Structure formats: C-alpha cells, structure tokens
Amino acid sequence: MSSLAGRVAHPRLPVGPVRIGGFGGVEGLRTWLRENAIDAVVDATHPFAAQVSAHAATAAADLGIPAVHLRRPEWVQRPGDLWTRVPDLAAAAEALAAHGEQVLLTIGRQGVGMFAGCDRHRFVIRAIDAPTAPLPSRYELLLARGPFTFDDELVLMSRHRIDVLVTKNSGGEQTEAKIFAARTAGLPVVMIDRPPLPVDAVAVDEVGAALEWLHDAAAHRVR
C-alpha cells in the first residue's frame, strides 16, 4: 500500500493500491496501521517532510512495527560550487541580503511565503503547482515538472539573468541539473540543509536496500 500526502494535484501514481491524504497526526496513523494490519513501514517521503517521518517513526515504534527510512543521497558540494549552506527557509531568506536581485527559487510551492518580505529581490518561482501562500511583491511563476536537462537549466538562468539559486538539498538525479548549471555559470547557491531523521532511525539510501530490509523484516516475522 502506497500513501501520498496529496500535495500535488496530479501525482504520478505508483503501481498497486494507493491512498491519498493525511492520517491525522501520530494517533491517526497509529490507528490506520493497526486497522490495516500493517507489518512494516517504509518511510519514503521527501527528505524535507520531517513531520510525517517523525510521525511514522513514533507510530511504528508504539505498535512494535519495524520501520525504515528511505532517503536518496544528498548532493555534495564539489569544486566550483559556490554554496551558502543554511539550516532552514527563514535562514535562506535572510541569506539573500548578500546576493543579487534576480533569484531562482526552486523549493516547491510550500514555504514560498517565507520569501514574501524580500522586496529588494525579484523571484522566478518554479513549482509543479501554484503556491497558495503570500508571494513576494515581484515574481514570475513557472509551473513545470522535472526532470530538467542541464541545457534547459542553463538557458533558464541566462534568460532570466539569475544572480542566485535557492534550493533544498533534496538530492536525486532528476533535479540535479540545476546544481551543474549553477556551477557552470558561476552562480552562487543558497543550499537549505535537510532536517535530521528521527532519533535511532534505521535509514537506507537506495530502493534495493529498502527491499532487502523488507525481506529481512518478513523473515524475522515468520520465525
């Protein structure tokens, strides 16, 4: 059973049964796991979905259900990268004071409101769906779904005369082209670090490793 949060209007659905929507906090998730006789939990949410990861860890632990957190490897700063690493969205908005006017904002639609007060800057906001939070006073909205190519990212940055890229360290190949493009163009990047996983979390960084974990969990349950 796959569970999607429902943040995207038209998601790409995985194979098999799918539920969409929240659970109602830890208590709601715990009830759903129990009522659906779930034997194992794979938390494969976005690396920045800290709340649902915490809820999954707590609910699984409360019921004695094994849980694993699947997180793709984060991007690593390479020679030529001009990164300013910040812990959260608020710090990213503050960091823009040290950069030029034209900002490429690629953080998804959630959290855009944190930049609403950055009146000195003009934003190119790229997201799959339109943000619902207050927006900066000067912006252009680009609705698009990746993956994006290296050439596409270079053209975008050049066309809009981007001075700085703001992005989350979500990792993964589908959206990494913007990192390569910023490096090639010599653009600074305000890189938002991932929130930590729950304490004592079992974590893997590949789907294959998560499948191996599932096989091991099933074997232990049979014994």
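Select helix 5, residues 177–185, in this predicted model. Its buried residues are Ala177, Lys178, Ile179, Ala181 and Ala182. Next, show what surrounds them: the buried residues of helix 5 pack against strand 5, strand 6 (102–106), strand 7 (122–127), helix 4 (150–159), strand 9 (164–168) and strand 10 (188–192). Just past the end of helix 5, pick Gly186, where phi is positive, about 70°.

Now select Asp81, in the loop between strand 4 (67–70) and strand 5 (82–86). Is Asp81 buried or exposed? Its relative accessible area is 9%, so Asp81 counts as buried. Leaving aside residues up to four places away in sequence, Asp81 touches Val76, Ile179 and Arg183. With Arg183 there is a side-chain polar contact of 2.7 Å.

Turn to the salt bridges, of which the whole structure has seven.

- Select Glu153 and Arg126, whose side chains form a salt bridge at 2.7 Å, N to O. Glu153 is in helix 4 and Arg126 in strand 7, 27 residues apart. Both are buried: Glu153 has 1% relative accessibility, and Arg126 has 8%.
- Select Glu140 and Arg122, joined by a salt bridge of 3.5 Å, N to O. Glu140 belongs to strand 8 and Arg122 to strand 7, so the pair ties together parts 18 residues apart in sequence. Glu140 is partly exposed at 28%, as is Arg122 at 25%.
- Select Glu101 and Arg138, a salt bridge whose closest N and O atoms are 2.7 Å apart. Because Glu101 sits in the loop between helix 3 (89–95) and strand 6, and Arg138 in the loop between strand 7 and strand 8 (139–143), the pair ties together parts 37 residues apart in sequence. Glu101 is partly exposed at 34% relative accessible area, and Arg138 is partly exposed at 32%.

Finally, colour the chain by domain: domain 1 is 2–72 + 197–220 and domain 2 is 83–192. Their C-alpha centres lie 29 Å apart. At the interface, nine residues of domain 1 contact twelve of domain 2. The two domains bury about 870 Å² between them, 48% of it on carbon and sulfur atoms. Which residues of domain 1 lose the most area to domain 2? Select Arg7, Arg12 and Phe48, which together make up 57% of what that side buries. By class, the side of domain 1 that touches domain 2 has four nonpolar, two polar and three charged residues. Between the domains there are zero salt bridges, but three residue pairs are in polar contact.

Note on methods
Residues are numbered from 1 along each chain as its sequence is written. This is a predicted model: local features need pLDDT of at least 70, side-chain atom pairs count only at pLDDT 80 or more; totals for chains, interfaces and linings use all residues. Side-chain values use heavy atoms; hydrogens and water are left out. Domain bounds come from an automatic or database domain assignment. Contact means heavy atoms within 4.5 Å. Buried area is the accessible area (1.4 Å probe) that two parts lose on being put together, summed over both. A salt bridge is a side-chain nitrogen of Lys or Arg within 4 Å of a carboxyl oxygen of Asp or Glu. A polar contact is a pair of N or O atoms within 3.5 Å; within protein, one must be able to donate a hydrogen and the other to accept it, and residues adjacent in sequence count only if both atoms are side-chain atoms. Ala, Val, Leu, Ile, Met, Phe, Trp, Tyr, Cys and Pro count as nonpolar, Asp, Glu, Lys and Arg as charged, and the others, Gly among them, as polar. Helices (H or I, at least four residues) and strands (E, at least two) are DSSP runs, numbered from the N terminus. Buried means under 20% relative accessible area, exposed over 50%, partly exposed in between (1.4 Å probe, protein chains only).
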